[in-house]
Amino acid sequence: MIRLACSVFVVLLVAVMGPSSTDALTALKQPSGRVILSVSGEIERTNADDRADFDRAMLEAIGMVELETVTPFTEGSTVFRGILARDLLRYLGATGSQVEAAAIDLYEVTIPIDDFEQFDVLIALEADGKQLRVRDHGPTWIIYPWSQHEELGKEIYSRRSIWQMNAIDVR
Ligand SMILES: Nc1nc2c(c(=O)[nH]1)N[C@H]1C(S)=C(S)[C@@H](COP(=O)(O)O)O[C@H]1N2
Ligand SMILES: [Mo]
């Protein structure tokens, strides 16, 4: 009887709270295209064993923004499009203080999540209107707003600007 009452209570609670308040706990949909980025670690939402796999469309759905900036690696100014790193982490209910980002070439770098709050750091998917392929630093590339903040000229930010990124582990 008590168990029944508990079940009824939980059902009622879910019904009353509705889908919006449970959004953060709902599972992500499965990717239908090629997986270009996997996020693991301290996240609330997953669609695979302890990780969130994203195809391009799923990343784009988080909200594409534009950032025009110079970079230490390119000539002149480039118009990048992608999602804000902080938006991805918020979308997944991430709780850590840093991310370990990894690339196809096995390069790895630790980035404090504070960078993403302080600056509009982009997980770039496009440059000058074209999708980033692996041969042009894709599928994803961490881009800092160098043109907007002089202090980003420090070498540490070049090191954190990982290209060919395909995995993020939240710690
Ligand atoms: N995928 C990937 N991203 C990377 C690197 C790398 O080797 N692989 N090198 C990093 C480092 S240490 C720096 S300083 C900058 C610039 O590298 P570059 O001097 O080889 O252009 O890119 C960063 N991003
Ligand atoms: Mo470097």
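The legends below accompany close-up views of a predicted model of one protein chain with a ligand.

Residues are numbered from 1 along each chain as its sequence is written, and chains are lettered from A and ligands numbered from 1 in the order in which they are written. Because the model is predicted, local features need a pLDDT of at least 70 and side-chain atom pairs count only at pLDDT 80 or more, while totals for chains, interfaces and linings use all residues; side-chain values use heavy atoms, with hydrogens and water left out.

**View 1. The protein chain and its confidence.** The protein chain has five helices and 10 strands, taken as DSSP runs numbered from the N terminus (helices H or I, at least four residues; strands E, at least two). Its pLDDT, the predictor's confidence in each residue from 0 to 100, averages 91, and 85% of the residues score at least 70. Confidence is highest in strand 9 (residues 141-143), at 99, and lowest in helix 1 (residues 2-22), at a mean of 52. Over residues 18-22 the pLDDT is below 50, and this stretch has zero contacts in the model beyond near neighbours in sequence, a contact being heavy atoms within 4.5 Å. Where pLDDT is low, the predicted coordinates should not be read in detail. Of the 171 residues of the protein chain, 40% count as buried, the classes of relative accessible area being buried under 20%, exposed over 50% and partly exposed in between (1.4 Å probe, protein chains only).

**View 2. The surroundings of ligand 1.** The shell around ligand 1, made of residues with a heavy atom within 4 Å of it, consists of F73, A103, D105, Y107, E155, S158, R159, S161, I162 and W163. Helix 5 (residues 155-160) gives the most to this shell, with three residues. A polar side-chain atom of D105 lies 2.7 Å from a nitrogen atom of ligand 1, and a backbone N or O atom of S161 lies 3.1 Å from a nitrogen atom of the ligand. An oxygen atom of ligand 1, in turn, is 3.5 Å from a polar backbone atom of S158. The protein covers 64% of the 520 Å² of accessible area that ligand 1 has on its own, as computed by the Shrake-Rupley method with a 1.4 Å probe (for residues, only the protein chains shown count as cover).

**View 3. D115 in helix 4.** D115 belongs to helix 4 (residues 113-118) and counts as buried, at 4% relative accessibility. A polar contact of 2.9 Å joins its side chain to that of R160; such a contact is a pair of N or O atoms within 3.5 Å, where within protein one must be able to donate a hydrogen and the other to accept it, and residues adjacent in sequence count only if both atoms are side-chain atoms. Apart from neighbours within four places in sequence, D115 is in contact with V121, Y144, Y157 and R160.

**View 4. R86 in helix 3.** R86 is found in helix 3 (residues 85-91) and is buried, with a relative accessible area of 18%. A polar atom of the R86 side chain lies 3.3 Å from the backbone oxygen of F119. Not counting residues up to four places away in sequence, R86 touches F116, E117, F119 and D120.

**View 5. D50 in a loop.** D50 lies in the loop between strand 1 (35-41) and strand 2 (51-55), and at 65% relative accessibility D50 counts as exposed. Neighbours within four places aside, D50 is in contact with V39, S40 and G41. The C-alpha atoms of D50 and S40, 10 residues apart along the chain, are separated by 6.3 Å.
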